[in-house]
Amino acid sequence: MSGPEPAVRHRTEGGVTHLVLERPETLNALTPGMRDHLIGLLAQASADPDVRAVVLTGTGRGFCAGADLRGGSAGGTRVAGDVSRTLRLGAQRLVAAVLDCEKPVVAAVNGTAAGLGAHLAFACDLVLAAESARFIEVFVRRGLVPDGGGAYLLPRLIGPRRAKELMFFGDALSAPDAERLGLVNRVVPDGELDRTAREWATRLAAGPTRALSLTKHLVNASLDGDRAAAFAAEAAAQEINMTTADAQEGVASFVERREPTFRGR
């Protein structure tokens with residue numbers, strides 16, 4: 001099959017899949033092809049037992065400037081349902097692919113994350129940001145409603161009032177301010193971002209992969225359900241997890257007073 005590469009570089013080493021957006025001339029704005037390729041790569045990482053963590057980052061000055069609108073048909077005639085269908089099959093699928101990935105996903109935000117690009121970062125399990133990074137809820141500047149899961153993610157991360165402030169005004173949020181609000185786990189100097197992301201991913205890849213997957217699911221699901229449902233899900237998850245070799249290794253290492261060796265099984 002011929003054609004240009006979708007501008008997403010990927011490699012897997014040491015149990016970590018690295019996904020790198022590579023359209024620096026557009027601040028890594030996502031074309032439909034890039035978006036769909038990224039969804040496929042996340043699905044592969046989720047299903048591959050040899051992948052135990054994922055790092056997502058960009059090249060150049062931007063992490064991701066959102067969806068590339070330049071190729072759209074904003075001035076053309078729209079058929080009712082087109083926009084809704086495009087969002088369901090596009091931006092929402094991408095954010096869901098991150099949330100549903102069975103491996104922990106670390107965002108290494110190297111620069112501007114705007115619109116869908118910001119939501120792509122916020123969907124990740126852990127977010128590292130370079131000091132120069134900034135986050136922009138850019139939709140209001142274009143007269144648009146936030147999409148790509150923004151109105152779902154932001155209130156759950158920082159509460160409705162802060163979410164409305166960011167979405168109503170569309171002001172750029174610095175990395176330190178994003179950390180203060182709880183949108184970012186840690187801000188690091190620009191030159192240390194890659195190294196820190198590798199260190200975090202290496203630690204995750206050495207962990208009990210299935211336990212991390214179940215923990216991710218429990219935390220994400222807890223934001224949408226009541227206490228009874230959360231407690232039932234927790235009990236079921238622990239029941240499933242106790243059948244894994246890693247859980248048995250963890251208990252054995254405790255009894256034997258040694259460090260565990262987890263193999264992701």
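Modeller: Helix axes here are lines fitted to C-alpha atoms over the stretch in contact, and angles run from 0 to 180 degrees between N-to-C directions. Helices are DSSP runs of H or I with at least four residues, strands are runs of E with at least two, and both are numbered from the N terminus. This is a predicted model, where local features need pLDDT of at least 70 and side-chain atom pairs count only at 80 or more, while totals for chains, interfaces and linings use all residues. Residues are numbered from 1 along each chain as its sequence is written, and side-chain values use heavy atoms, with hydrogens and water left out.

Biologist: Okay, try me on a pair. At what angle do helix α5 and helix α6 pack?

Modeller: About 130 degrees, with the axes of α5 (residues 150-158) and α6 (residues 160-169) 7 Å apart. That makes α5 oblique to α6, since under 35 degrees is roughly parallel, over 145 roughly antiparallel, 65 to 115 roughly perpendicular and the rest oblique. α5 passes α6 in a right-handed crossing.

Biologist: Which residues of α5 and α6 make the contact?

Modeller: Contact means heavy atoms within 4.5 Å. From α5 you get G150, A151, L154, P155 and I158, and from α6 P160, R162, A163, L166 and M167. Those split into 8 nonpolar, 1 polar and 1 charged (Ala, Val, Leu, Ile, Met, Phe, Trp, Tyr, Cys and Pro are nonpolar, Asp, Glu, Lys and Arg charged, the others, Gly among them, polar).

Biologist: And how do α1 and α3 cross?

Modeller: At roughly 20 degrees, the axes of α1 (residues 32-47) and α3 coming within 9 Å. So α1 and α3 are roughly parallel to each other, and the crossing is left-handed. On the α1 side, R35, D36, L38, I39, L42 and S46 meet A91, R93, L94, A97, V98 and D100 in α3. That contact has 7 nonpolar, 1 polar and 4 charged residues.

Biologist: Within what distance do the axes of α2 and α3 come?

Modeller: Within 3 Å, and the axes of α2 (residues 82-89) and α3 cross at roughly 20 degrees. Therefore α2 and α3 are roughly parallel to each other. T86, L87, R88 and L89 of α2 touch A91, Q92 and R93 of α3.

Biologist: What lines the second largest pocket, and which residues are closest to its centre?

Modeller: That pocket holds about 690 Å³ of space. Its lining has 31 residues, with C124, D125, K216, V219 and N220 closest to the centre. The largest share, 9 residues, comes from α9. By class, that lining has 19 nonpolar, 6 polar and 6 charged residues.

Key:
A crossing is left-handed if the near helix is turned anticlockwise from the far one by less than a right angle, and right-handed if clockwise. On a 1 Å grid over the protein atoms alone, a cavity is a set of points where a 1.4 Å probe fits but cannot get out, and a pocket is an open set with protein on both sides within 12 Å along at least five of seven lines; lining residues have an atom within 4 Å of a point. Grid points are joined across faces, edges and corners, and a volume is the space filled by probe spheres set on the points.
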